Amino acid sequence: MPDEQMAGAAQPAPPRPLDPIDRSILRLLQADGRASIRSVAEQVHVSRANAYARINRLIDDGVIRGFTARVDHERAGQGASAYITLKIVQNSWRTVREQLRELPGAVHIALVSGDFDVLLLVHTPDNRTLRELVLTRLQAIPEVLSTRTLLVFEETDLLAPGTGTVHEGPALAPED
């Protein structure tokens, strides 16, 4: 885009600060994206109109990017999960990211700092498919210098299913 066009391009508005009610709404919707406006309103103690307006503002502001289902990957036929770290050619992030988006089973991609450059989470039907993904698909990307695969043996979702609250960890045992 020429410089004069870029100068006239609208910049996104800075994010509005979230108040405690907005944060409560986000927690509820993360735990149950199908929660009704009425239920959300009751749980955060605002009117339905207020809850509706707040959710729409969170969507319009890009805070809520969409609604999705939390899936038990093993029950859905995706029994092998792994985090894969990648070292990539410097300044190739955008190219690599677009290629990683096309991988079957890729669910999360992050550019990170540290000993590696990219962290990729994948879910595959089995270890054979995972092996094939790493050895033939990932390592065939010219900008990928090396990979390291970390198998996931067990996962814990920190959002307590169906409760609308974030699981805070184990409760303290009562004192005797």
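Colleague: How many bridges join E1 to strand E4, and how do the two run?
Modeller: Strands E1 and E4 (residues 144–152) run antiparallel and are joined by 8 bridges. Within this pair, Lys87 stands opposite Ser146 of E4. Strands here are DSSP runs of E with at least two residues, helices are runs of H or I with at least four, and both are numbered from the N terminus. Two strands pair if DSSP finds at least two bridges between them.

Colleague: Before we go on, what kind of model is this?
Modeller: This is a predicted model, in which local features need pLDDT of at least 70 and side-chain atom pairs count only at pLDDT 80 or more, while totals for chains, interfaces and linings use all residues. Residues are numbered from 1 along each chain as its sequence is written, and side-chain values use heavy atoms, with hydrogens and water left out.

Colleague: Which bridge partner does Ala82 have in E3?
Modeller: The partner of Ala82 is Val122, and Leu86 stands opposite Val118 in E3. In total, 7 bridges join E1 to E3 (residues 118–124), and these strands also run antiparallel.

Colleague: What is the strand order of the open sheet?
Modeller: The sheet has 4 strands in the order E2-E3-E1-E4, with antiparallel pairing. Its edge strands are E2 and E4, each of which pairs on one side only. Neighbouring strands are turned by 20° against each other on average, direction ignored. Such angles are taken between N-to-C directions and run from 0 to 180 degrees, with axes as lines fitted to C-alpha atoms, for helices over the stretch in contact.

Colleague: Which strands does H5 touch as it packs on the sheet?
Modeller: H5 touches E1, E2 and E3, and its direction makes about 170° with that of E2. Helix H6 packs on the sheet as well, touching E1, E3 and E4, at about 170° to the direction of E4. Contact means heavy atoms within 4.5 Å.

Colleague: Which residues of H5 are buried?
Modeller: In H5 (residues 93–101), Trp93, Val96 and Leu100 are buried, that is, under 20% relative accessible area, where exposed is over 50% and partly exposed lies in between (1.4 Å probe, protein chains only). Seen down the axis of H5, the buried residues fall within an arc of 70°, so they line one face of the helix; the arc is that of the directions from the helix axis to the C-beta atoms. Arg94 and Arg101, on the other side of H5, are exposed.

Colleague: And how many residues of E1 are buried?
Modeller: In E1 (residues 80–88), 7 of the 9 residues are buried.

Colleague: Which residues of the largest nonpolar core touch the most other members?
Modeller: They are Ile84, Leu86, Leu100, Leu120 and Leu138, in a core of 17 residues. E1, H5, E3 and H6 each give two or more residues to this core. Apart from it lies another core of 12 residues, among them Leu28 and Val40. A nonpolar core is a set of buried Ala, Val, Leu, Ile, Met, Phe, Trp, Tyr and Cys residues joined through side-chain atoms within 4.5 Å.

Colleague: Changing topic, what pLDDT does the chain average?
Modeller: The chain averages 85, and 83% of the residues score at least 70; pLDDT is the predictor's confidence in each residue, from 0 to 100. Over residues 1–7 the pLDDT is below 50, and it stays under 50 over residues 162–176.
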